[in-house]
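Subject: Two-chain model, handover and notes

Dear colleague,

Here is the model for your files. My notes come after it; please read them with the structure open.

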Amino acid sequence: MTTTPDQPESTEPAPETPPVEASTASTAGPPPRRRLMRSRDDEMIAGVAGGIAEYFDLDPVLVRVAFVVLALVTSGTAIVAYIIAWIVMPEAGAGDSAARAAGTAEPRAPRRSTGAAAGIVWGVILISVGTMVLLSRLDITLPEWNAVLSGGLILLGVLIIFEARRGLNGGLVTLAVALSVILGAAAFVDFKFNSGFGDRQVVVTRAADLEDSYSHAFGSMTVDLRNLEATEGQTKVSVSVAFGDITVRLPEGVPYRINANSAFGSVDAPEFDADGIAVERSYRSEGYDQATRRVEIDVSVAFGSARVR
Amino acid sequence: MSDQSFHPGAALTGLIFVVLGVLFLTDALGAAEWRYDLLLPGVLIALGVAAIAGALWRARDA
């Protein structure tokens with residue numbers, strides 16, 4: 001490099017191109033695009049809620065509560081949405097918020113270890129649900145799934161105690177909470193998980209064909225009693241639903257009594273609505289007590305909805 | 001996070017779920033008949049205790 005008498009002036013940084021600006025020239029232009037990613041720093045199960053909270057700058061607890069409420073209100077559909085989000089949302093790196101804001105990639109820190117317990121539990125859950133649906137579709141008599149699920153809750157509790165050596169395992173606790181609420185609601189309305197899945201329609205015209213109870217775990221079911229020829233005395237039937245929706249068509253011309261029982265769901269009947277937490281309602285149509293032929297219907301809802309028409 | 005220390009709050013949380021599981025199991029097998037109108041709020045109380053245990057753990061951890 002040659003020197004000139006003007007060199008001292010030329011070494012002065014030009015106001016238009018200061019060194020700092022030159023070093024960051026590659027990041028100039030449009031701001032880095034924010035990406036929706038699963039959080040690794042704030043995760044209870046898979047970091048979906050934590051990632052959404054970071055993306056929208058919300059409190060992650062609020063997002064989790066919203067997920068739980070949505071899961072209850074939508075009869076479990078939000079759980080499917082969570083699993084889909086788990087699959088499609090990429091996982092962020094450690095310290096992801098700052099990295100994403102700066103548009104720079106940082107090497108990943110070692111992931112917080114939650115042990116193999118969560119993976120085992122999720123595997124058992126998926127296998128159990130798949131087995132339940134498969135056996136139901138094949139019309140194979142199901143075992144006592146309420147007992148199996150209760151055993152699963154005990155297993156979760158034992159795993160949480162085991163994991164206490166390393167702290168509180170949020171993923172296991174979330175699963176245990178969800179399972180506790182499901183089992184509690186099912187027990188409250190005396191629902192058995194041995195029942196069906198998908199859509200089902202039952203039309204009964206003869207009292208002899210009427211089963212003692214009809215129950216449905218997921219999906220929709222219709223029990224049509226409109227043309228039921230009731231026999232002398234009282235005909236009784238129980239209808240229950242866990243997460244789906246169920247419709248009961250009342251027998252025409254026959255006095256009836258409805259006993260509605262809702263844990264977290266809703267019952268929509270001609271004379272009343274029953275929704276909320278642990279609600280019990282009963283209604284007798286006109287002339288029920290004096291009728292020689294009458295029908296009593298128990299309607300139980302754990303999380304779904306029932307319509308009686 | 002202090003991964004190496006045993007936390008009694010987490011153990012209590014696990015114990016609560018074990019007890020709940022036993023209650024549900026005995027009912028499902030017909031070994032006992034529980035009053036679920038009392039048990040359902042009991043579940044909520046137990047879950048609240050578990051939540052407090054978790055919160056205390058995180059507060060200690062912070």
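This is a predicted model: local features need pLDDT of at least 70, side-chain atom pairs count only at pLDDT 80 or more; totals for chains, interfaces and linings use all residues.

Residues are numbered from 1 along each chain as its sequence is written, chains are lettered from A and ligands numbered from 1 in the order in which they are written, and side-chain values use heavy atoms, with hydrogens and water left out.

The chains

Chain A has 9 helices and 12 strands, and chain B has 2 helices and 0 strands. Helices (H or I, at least four residues) and strands (E, at least two) are DSSP runs, numbered from the N terminus. Of the 309 residues in chain A, 42% are buried; for the 62 residues of chain B the figure is 40%. Buried means under 20% relative accessible area, exposed over 50%, and partly exposed in between (1.4 Å probe, protein chains only).

Chain A exposes about 16600 Å², with 58% of it supplied by carbon and sulfur atoms. For chain B the accessible surface is about 3500 Å², and 71% of that belongs to carbon and sulfur atoms. These areas come from the Shrake-Rupley method with a 1.4 Å probe; for residues, only the protein chains shown count as cover.

A contact means heavy atoms within 4.5 Å. Among contacts in chain A between residues at least 6 apart in sequence, 63% join residues at least 24 apart. In chain B, residues 24 or more positions apart account for 61% of the contacts with a separation of 6 or more.

Helix packing

Axes are lines fitted to C-alpha atoms, for helices over the stretch in contact, and angles run from 0 to 180 degrees between N-to-C directions. Angles under 35 degrees count as roughly parallel, over 145 as roughly antiparallel, 65 to 115 as roughly perpendicular and the rest as oblique. A crossing is left-handed if the near helix is turned anticlockwise from the far one by less than a right angle, and right-handed if clockwise.

Between the chains, the axes of α8(A) (residues 145–163) and α1(B) (residues 8–28) come within 7 Å and cross at roughly 165°. The two helices are therefore roughly antiparallel, and their crossing is left-handed. Their contact has 16 nonpolar, 7 polar and no charged residues. In this classification Ala, Val, Leu, Ile, Met, Phe, Trp, Tyr, Cys and Pro are nonpolar, Asp, Glu, Lys and Arg charged, and the others, Gly among them, polar.

Within chain A, α8(A) also packs on α9(A) (residues 170–188), the axes coming within 10 Å and crossing at roughly 150°. That makes this pair roughly antiparallel; the crossing is left-handed. Residues of α8(A) in the contact include L149(A), L153(A) and L156(A), and those of α9(A) include L172(A), L175(A) and L179(A). By class there are 12 nonpolar, 4 polar and 1 charged residues.

α9(A) packs against α1(B) as well, at about 25° with the axes 11 Å apart, so α9(A) and α1(B) are roughly parallel. This crossing is left-handed. From α1(B), T13(B), F17(B), L20(B) and F24(B) take part.

Local points

Helix α3(A) (residues 48–56) has V48(A), A49(A), G50(A), G51(A), I52(A) and A53(A) buried. Just after α3(A), D57(A) takes a positive phi of about 60°. N261(A) lies in strand β7 (residues 256–262) of chain A and, at 14% relative accessibility, counts as buried.

Regards
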